[in-house]
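Please keep the sequence and the structure in view while reading.

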Amino acid sequence: MVKSKTSKTMEKSFDYDVIIIGTGPGGEGAAMNLAKRQKKVAIIERYHQVGGGCTHWGTIPSKALRQSVSRLIEYNSNPLFNQNEQVKQLTFQDILSHASAVIQKQVSLRSGFYNRNRVEHIQGQASFIDAHTISISHPDGSVEKISAKQIMIATGSRPYRPDDIDFDHPRVYDSDSILSLKHAPQHVIIYGAGVIGSEYASIFRGLGVKVDLINTRERLLSFLDTEMSDSLSYHLWNSGVVIRHGEEIERVESSEDAVIVHLKSGKKMRADCLLFANGRTGNTADLNLAAAGLKADGRGQLKVNDCYQTEVDNIFAVGDVIGYPSLASAAFDQGRIAASAMVDSSSKAKLIVDIPTGIYTIPEISSVGKTEQELTEAKIPYEVGRAQFKHLARAQISNNLVGSLKILFHRETKEILGIHCFGENAAEIIHIGQAIMQQTNGGNTIEYFVETTFNYPTMAEAFRVAALNGLNRLF
């Protein structure tokens, strides 16, 4: 529950009702909700365009790159188009142009949201003077001060950069700077096999670039259901990606035209460039948090309660800057929910428990709910229903035969407990199952998929096939 403000604070005059720092999904979600509630809102962005890291360096560009590469692979593998056996080739720079066009469309769209809802957009670097006052350093060198009854921090995150690696070297990149890649590498080393590292491994390999993927853990994306993780590992391996598990960098040796990565195990490898994608840090270092009575942890993140309120009553925080789940989709909802709590301290709006995960590798992975490992550990009697994409007419028509859908459900109640999908459009397919999982009063049941007629042929048919497969296991 949101803590109440003191009467002294309520009586003070402010420039705005709410100041939001950051124009990514979290800041946008909050700004739109507050504007609809007739609040006077200012949103501060340090860069010259709105959208935050999500639009300019993270979610949007990486998914646009992935889309281009996926279509390239589809073209080259389809005998209808590739009849002369001449493989179509694209460079990283070729697909960057498409990503740039998408980014500009997103910026235009989101700028319009702020304008139509009369949210004042201020460009500059924000820092706290006190818990209600913000100093803004503008690009022209001028500085202004503005105040608000409440403030929201939605500054996102940036790639973690250890001090012993020279990121100024033209052959060393992080997940932001890789979008400024000027040469066409033939061999890339990616350090960090999390979501970002795995996605870029798919992208570069799809372009025909040799990829060494260094994983600091024992398996890829260990938070996933084991079968999904194993499927991704196999398909990356099958496409030619060399995966090295349980490894850590000791040092990086850079030259004019190459990098050599030395691992603590004694191994070393040479490539045209290094993409360091091992962790992210909350963007709080420049906010002068101490002036507001706040302190970030070692990863630059802030602690919040269930309403996204920090330890300082009138300051809220959402998105990557508060850590898990660090998803653009969740950040938008966090901003919306926090805005409701700012306006109404009795608001009971909460983020849903089962947040879907979309991982845009090639093929995609998407999951919602529990994994088999979690259900086994909790001793919940579950059963499994599976559908292979290669058996679906729509997958055969579109030549997307790689992939599967897995439904985990309770043996006795038939309640759906988890859904895991691997294959093209997995992040879209998962939402059908998610909608049923959210139903109450007996509505969450795997029998829905056998009692409901689906369009045919569609990829959604996988739910019917998986449901029949699972129900046939019961006795």
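A residue is called buried under 20% relative accessible area, exposed over 50%, and partly exposed in between (1.4 Å probe, protein chains only). This is a predicted model, in which local features need pLDDT of at least 70 and side-chain atom pairs count only at pLDDT 80 or more, while totals for chains, interfaces and linings use all residues. Residues are numbered from 1 along each chain as its sequence is written, and side-chain values use heavy atoms, with hydrogens and water left out.

The pLDDT (the predictor's confidence in each residue, from 0 to 100) averages 94 over the protein, and 97% of the residues score at least 70. Over residues 4-10, however, the pLDDT is below 50. Where pLDDT is low, the predicted coordinates should not be read in detail.

The structure holds 20 salt bridges, each being a side-chain nitrogen of Lys or Arg within 4 Å of a carboxyl oxygen of Asp or Glu. One of them joins Asp333 to Arg336, with the closest N and O atoms 3.3 Å apart. These two residues are separated by about one helical turn because they lie three residues apart in helix H8 (residues 328-343). Asp333 is partly exposed at 26% relative accessibility, and Arg336 is partly exposed at 36%.

Another salt bridge pairs Glu424 with Arg66, at 3.4 Å between the closest N and O atoms. This pair links distant parts of the chain, 358 residues apart. Both Glu424 and Arg66 are buried, and they belong to a salt-bridge network that also includes Arg71, Glu74 and Glu364.

Notes
Contact = heavy atoms within 4.5 Å. Helix = DSSP H or I, 4+ residues; strand = E, 2+ residues; numbered from the N terminus.
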